[in-house]
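Here are my notes on the model you sent over. Have it open while you go through the points.

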Amino acid sequence: MKSLRSEAYYLLLVILLCSCGSSKRITYFQDLNRSVVTREKVTNYIASTIQHDDILGISISSLNPESSAVFNFASNAGNGDTQIFSGNVVDEKGEIQLPVIGSMKAYGLTTAQLKENIRIKLIPYLKEPVVMIKLINFKISVMGDVANPGLFKVPSERLTIPEAISLAGDLNMTALRKILIIRENDGERLFVTVDLTKKSVFNSPYYYLKTNDVIYVEAGKVKDPALNQNYQKIGLVISIISMAGLLFFR
């Protein structure tokens, strides 16, 4: 009886030691000094530019609401929103169509740039026009060895890699911390590997994700043999403890 308990404690200690040994493989931002406050300037954020087939939510208002209504598309009435956002698709020419104004270039511009261009066009028609634009179809995909893979719609145009991973429920323990980002932009597809164990990820030009980005998380070989051995040892410990309990209470 005593030997069974001793063996169980010994195996539990081995499991804890193995787990500590494998923690380096699964820890994020390993070279970040956590003993002090580190400060860095954010220099790698670049606002997303509008692409073909993007859906833009456009709201136009002014000091004369009745005149402004002419420039807004019909929207979902009665939804409680104070702003009128309607979907305007960027066509194959990179343009959108607005009432009265007509065609306007959108492709390659940021939403802030397009907003200012529309505001200037509205000045002859409206008194102090106000334009609001929102990218309605901002979405990213996370697939592979994560807790909840899937397609995620994002209400903002600013999304980081850690935020996307959090949306997917974090990487599994068996996942490699080097992830693949697949991005399409200007008719080109990019495949970029980002190492989440390094602090340098925060300064990566891919740290801020773009709409339609895909994150692929690869599982370790054979789901990491070291971890599998740990799971097997855990099962063995549970079996031994259960057996010891039965013998003890007989």
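1. In the largest nonpolar core, which has 46 residues, L56, I96 and I118 touch the most other members. A nonpolar core here is a set of buried Ala, Val, Leu, Ile, Met, Phe, Trp, Tyr and Cys residues joined through side-chain atoms within 4.5 Å. Buried means under 20% relative accessible area, exposed over 50%, and partly exposed in between (1.4 Å probe, protein chains only). Skipping neighbours within four places in sequence, I118 is in contact (heavy atoms within 4.5 Å) with I58, I60, I96, L98, M104, V131 and I133.

2. A word on the basis: this is a predicted model, where local features need pLDDT of at least 70 and side-chain atom pairs count only at pLDDT 80 or more, while totals for chains, interfaces and linings use all residues. Residues are numbered from 1 along each chain as its sequence is written, and side-chain values use heavy atoms, with hydrogens and water left out.

3. Now the open sheet: five strands in the order β7-β6-β12-β9-β10, with mixed pairing. β7 (150-153) and β10 (188-195) are the edge strands, each with a single partner, so one side of each has no neighbour in the sheet. Strands are DSSP runs of E, at least two residues; helices are runs of H or I, at least four; both are numbered from the N terminus. Two strands pair if DSSP finds at least two bridges between them.

4. Inside that sheet, β9 (residues 178-185) and β12 (residues 214-217) run antiparallel and are joined by three bridges. I181 stands opposite I215 in β12.

5. How many salt bridges does a search of the whole structure find? Four, counting a side-chain nitrogen of Lys or Arg within 4 Å of a carboxyl oxygen of Asp or Glu. One of them joins R183 and D213, with the closest N and O atoms 2.7 Å apart. This pair links distant parts of the chain, 30 residues apart: R183 is in β9, and D213 is in the loop between β11 (208-209) and β12. R183 and D213 are both buried.

6. Another salt bridge pairs E116 with R119 (2.9 Å, N to O). Both lie in helix α3, three residues apart, about one turn. E116 is partly exposed at 36% relative accessibility, and R119 is partly exposed at 29%.

7. Worth a look in the backbone: E128 has a positive phi, near 50 degrees, without being a glycine. E128 lies in the loop between α3 (111-122) and β5 (130-135) and is exposed at 55% relative accessibility.
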